[in-house]
Every structure is written in C-alpha cells, then in structure tokens.
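Subject: Structure handover

Hello,

Here is the structure we spoke about, with its sequence. My notes on it follow below.

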Amino acid sequence: MSIGVAHLSCREMVELVTAYLEGALPLGDRMRFENHLTACDGCTMYLEQMRRTIELTGTLRVDDVSPEALAKVMHAFRDWQVE
Amino acid sequence: MEHATDEQLVERLRARDEAAFEELVHRYNAPLLRFARQFVPTASLAEDVVADTWLGVLRGIDRFEGRSSLKTWIFRILANTAKTRGQREGRSVPFSAFEEGEAPFEPAVDRGRFLGSGSWGAPPRGWPEDRLLRDETRAVIEQAIADLPPTQRMVVSLRDVEGWSADEVRNALELSETNQRVLLHRGRAKVRLALEEYLMEDT
C-alpha cells in the first residue's frame, strides 16, 4: 500500500462521509476525499443524499409542550416554591 | 428570540422565579420527552419520567455547580431517572452499551453495491424532489430512526433531530469522539438507505 498517494475507492469514500462533514478528516484525507468527488458522480450523489438525510431528519423536531403537560409541571413548581 | 443565558436562568430559578422555570420547560420538555422514549416502552411512562426529571431539576438546582451546561445537567437527570424507571419496567438501554469497545464493522453501504475494485457497481440515483417533501417521507425517517439500535438511535436523535453539537452529545452520553462519530455515521447511513428504498421503490 502506498501511503500518501493512496487513492480512495468509492467503498472507502462512503465510510468517510460523516468524518468529512464533521470536519474531522486530516488534511491529506480531506484532499483525497475532495479529489475523488470531482471525478465521481456516484460519491457526489451519496454525499448529497447524506446531506439531504440530515436536513430532513432535522424537520422532525417539534418544540412545543402540550398545555396539559405544562400545567402539570407548573403545578409541581408551585409546590416546590413553597417547600 | 433572545434567550436567557444558563447563568441567568439558574439564578432566577434559585430565586424561585416561575417565568424562568416556564421558559426552561418550553425549551426542553419536547426533547426530554423524545429522549425519554428511548428508555421506556410507552409514551405515558416517558411523560412520567419527564415529570420526575423536572422535580429533580427543582430539587437539585441549588446544588448545580455549572461544571456542565444546564442542558447537559438536565439530560443527565433524565437519563438517571429513566434508567431507574426502565429497569423497573424491564426495559432499559444498558449503559454498558455506551462503553468503549470494538463494535463489529458495519459497512455504511451494502458491499454488493461495489465492484471488486471498490468502485460503485450500483451507485445511488437521484431522488425525486417532489416526494422528498411529503409528510410520508418524514414518517419513513421517523420509523428508520426508531428501528436503529439504541445507541445509534440516541446519537442520531440528539445530533440530527435535536441539533446538538458533537461535544454536547459526547458529554451527555459519555462517548469518545470516535465512538460518537461512528455511531452517527452508521445511524445516518441506515436512515439514508430507508429513504432510498422508499423513494426509489417504484422507479
């Protein structure tokens, strides 16, 4: 194996996607990753779909609390307030 | 909207300020509920766990030292409450699952999709944008996350649903940097695959 000039296969690329998106790849690997992307439609598509997946997953977040649950918790608060 | 800082909220809570507590409940009740569901079998048990967590927050606030963020501290109380509850109910995520260890390698993409050379044999094809935005697609994602192994599910829920940072997740779940990333990667890869199977099923 020739370290340094080793080129990444698609099979290796897909394992590095999260590290790439997290900015956790060492410089050399990041350059190999980006080089591969410029020449590979399959990996470009895979990366794009991972990005879409993350984005769509984020739409599941709902940040409200039901009035009943809030009333119950606030009731507990008032009990605690006078403890 | 301007958010009060942790320090301000803690100080106001210690002064028994009701509005401060209400703000905290608005901020964290929904994510706490979702998080609690990972430990206990029913939605109603999860609600109990969250209610107990809020009591724990009130009872502990005078002793909160600010060594972790308020959010991390609250989620730790939840994890402890839920763990006790889950054990009693006969379902809990074994916390040993979070311990460091060699998990067997799981490829992000089925090996059969690559040629012997490691290049794509069956590369991913473009997704139909119009279907991506349907409610049904969100339900597919929700189900895919529910089907993940517990530790992957927690990491994906906190990172990608709740939008926590890698460090916040590592601290809350006591994971190493590498483990956090590996769990996230495997979980995301499975959610992507579920989307692909759903979106491409009749093409």
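What percentage of the 83 residues of chain A count as buried? The figure is 20%. Please keep in mind throughout that this is a predicted model.

Chain A

The C-alpha trace of chain A spans about 70 × 25 × 15 Å along its principal axes.

Helix H2 of chain A (residues 27-39) is hardly covered, as 1 of its 13 residues is buried. Its length checks out: at 1.5 Å a residue, H2(A) should span 18 Å, and its end C-alpha atoms are 19 Å apart, which agrees.

Where the chains meet

Between the chains, 38 residues of chain A are in contact with 41 residues of chain B. On the chain A side, helix H1 (10-21), helix H3 (41-58) and helix H4 (67-81) each supply at least two residues. H3(A) gives the most, with 12 residues. By class, this side of chain A divides into 19 nonpolar, 9 polar and 10 charged residues.

Chain B and its domains

Chain B is divided into domain 1 (6-88) and domain 2 (98-199). The C-alpha centres of these two domains of chain B lie 27 Å apart. Contact between them involves 8 residues of domain 1 and 9 residues of domain 2. On the domain 1 side, the elements that give two or more residues are helix H2 (18-36) and helix H4 (70-88) of chain B. That side has 3 nonpolar, 3 polar and 2 charged residues.

Nonpolar cores

The largest nonpolar core has 49 residues, and those with the most contacts inside it are Ala36(B) and Leu78(B). H2(B) provides the largest share of this core, 9 residues. Both domain 1 (6-88) and domain 2 (98-199) of chain B contribute, with at least three residues from each. Not counting residues up to four places away in sequence, Leu78(B) touches Leu32(B), Phe35(B), Ala36(B), Val49(B) and Thr53(B). A second, separate core has 14 residues, including Val14(A), Tyr46(A), Met50(A) and Ala189(B).

Arg16(B) sits in the loop between helix H1 (6-14) and H2 of chain B. Arg16(B) is partly exposed, with 16 other C-beta atoms within 10 Å; a buried residue would need 20 or more.

Glu174(B) is also in a loop, between helix H8 (166-173) and helix H9 (177-199) of chain B. Glu174(B) has 14 other C-beta atoms within 10 Å and is partly exposed, since exposed would call for 12 or fewer.

Regards

Definitions and conventions:
Residues numbered from 1 in each chain as written. Chains lettered and ligands numbered in written order. Predicted model: local features only at pLDDT ≥ 70, side-chain atom pairs only at ≥ 80, totals over all residues. Domains from an automatic or database assignment. Contact = placed C-beta atoms within 7 Å. Helix = DSSP H or I, 4+ residues; strand = E, 2+ residues; numbered from the N terminus. Nonpolar A, V, L, I, M, F, W, Y, C, P; charged D, E, K, R; others polar. Expected span 1.5 Å × (residues − 1). Core = buried A, V, L, I, M, F, W, Y, C linked by C-beta atoms within 7 Å.
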